[in-house]
Amino acid sequence: QVQLVESGGGLVQAGGSLRLSCAASGRIFSINTMGWYRQAPGKQRELVATIDSGGDTNYADSVKGRFTISRDSAKNTVYLQMTSLKPEDTAVYYCNAEIRTGPLRPTQRYWGQGTQVTVSS
């Protein structure tokens, strides 16, 4: 019905950059907030950044000044530009979106399958 597909993860050295993308497809009436979360081994999933339909953004303190979230509403796509990467940024990064599949349907949260980001020291 609705799919979120992430891309752009990989292995990078500390100080390097990566850009993640997440495209939503399927039966989409509207998308509210889109965001990125991450989960490192042995840790809980945590918020990285979100962006609402008006373009307002929110960042975890640990990534402020290094990561930038943006979206292309025409393409139902959200991006995460990551710079000055640190080994502690290593995690599986998940895309999330609040989507309505019809005018009378409630908003539901959807998740992508995750993409691995590994930062070597």
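Student: Why does Cys 95 count as buried?

Tutor: Buried means under 20% relative accessible area, exposed over 50%, partly exposed in between, with a 1.4 Å probe and protein chains only. Cys 95 has 0% relative accessibility, so Cys 95 counts as buried. Note that this is a predicted model: local features need pLDDT of at least 70, side-chain atom pairs count only at pLDDT 80 or more, and totals for chains, interfaces and linings use all residues. Residues are numbered from 1 along each chain as its sequence is written, and side-chain values use heavy atoms, with hydrogens and water left out.

Student: What makes Cys 22 count as buried?

Tutor: The relative accessibility of Cys 22 is 0%, so Cys 22 counts as buried.

Student: How do you know that Cys 22 and Cys 95 form a disulfide?

Tutor: A disulfide is a pair of cysteine sulfur atoms within 2.5 Å. The sulfur atoms of Cys 22 and Cys 95 are 2.1 Å apart, and the two form a disulfide. A search of the whole structure finds one disulfide.

Student: Which parts of the chain does the pair link?

Tutor: Distant ones: Cys 22 sits in strand β3 (residues 18-26) and Cys 95 in strand β9 (residues 91-100), 73 residues apart. Strands (E, at least two residues) and helices (H or I, at least four) are DSSP runs, numbered from the N terminus.

Student: Why is the disulfide of Cys 22 and Cys 95 called left-handed?

Tutor: The torsion about its S-S bond is about -80°, so the disulfide is left-handed.

Student: How many helices and strands are in the protein chain?

Tutor: Zero helices and 11 strands.

Student: What makes the protein chain as compact as a globular protein of its length?

Tutor: The radius of gyration is taken over C-alpha atoms; the globule rule is 2.2 Å times the number of residues to the power 0.38. The chain has a radius of gyration of 14 Å, close to the 14 Å from the rule for 121 residues, so it is as compact as a globular protein of that length.

Student: Which residues have the most contacts inside the largest nonpolar core?

Tutor: Trp 36, Leu 80, Met 82 and Tyr 93, in a core of 31 residues. A nonpolar core is a set of buried Ala, Val, Leu, Ile, Met, Phe, Trp, Tyr and Cys residues joined through side-chain atoms within 4.5 Å. Strand β9 gives the most to this core, with five residues.

Student: Which residues is Met 82 in contact with, leaving aside neighbours within four places in sequence?

Tutor: Contact means heavy atoms within 4.5 Å. Among the partners of Met 82 are Leu 18, Leu 20, Phe 67, Tyr 93 and Val 117.
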